[in-house]
Amino acid sequence: MVFFHENAGNIGLRLDYFELAYKRLNCDIFVMAYRGYSDSDGNPDESMIKKDMRLLNAYITSQFKHKYYNAGGIYIVGRSLGGAVGAYLASINEAES
């Protein structure tokens, strides 16, 4: 699972959710902080978030796609702002298919 948090959130606020998902779904969870969130450098900006998602897509594809493809795939989960970020990540994958 690739998880994207909401605008007013940060990674630390979702630790209980990650624990529950890990235990109940038996899945690995990849979480990243947006620029300017969770002590990350920089400022949130649409063009930079899109750039980060393209970089993240390249990383996930090169490092994890083959491992998880046979295990049911990679799922993108987003809350609020994270839903839009996750949809953009999914659109990158659709465009490359």
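Predicted model: local features only at pLDDT ≥ 70, side-chain atom pairs only at ≥ 80, totals over all residues.
Residues are numbered from 1 along each chain as its sequence is written, and side-chain values use heavy atoms, with hydrogens and water left out.

Let's begin with the layout. There are four helices and three strands, taken as DSSP runs (H or I, at least four residues, for helices; E, at least two, for strands) and numbered from the N terminus. Along the sequence they come as β-α-β-α-α-β-α.

Next, the C-alpha atoms fill a box of roughly 35 × 35 × 20 Å along the principal axes. As for burial, 28% of the 97 residues count as buried, meaning under 20% relative accessible area with a 1.4 Å probe, protein chains only.

So what holds the middle? The largest nonpolar core has 12 residues, including Val2, Phe4, Met53 and Leu89. By nonpolar core I mean buried Ala, Val, Leu, Ile, Met, Phe, Trp, Tyr and Cys residues joined through side-chain atoms within 4.5 Å. β1 (2–4), α2 (46–63) and α4 (81–96) each give this core at least two residues, and α2 has the largest share, with four.

Have a look at Leu56: leaving out residues up to four places away in sequence, Leu56 touches Val2, Phe4, Phe30, Met32 and Leu89, where contact means heavy atoms within 4.5 Å. Apart from this core lies another, of five residues, among them Phe3, Phe18, Ala21 and Cys27.

Terms used
Buried < 20%, exposed > 50% of the residue type's maximum accessible area, 1.4 Å probe, protein only.
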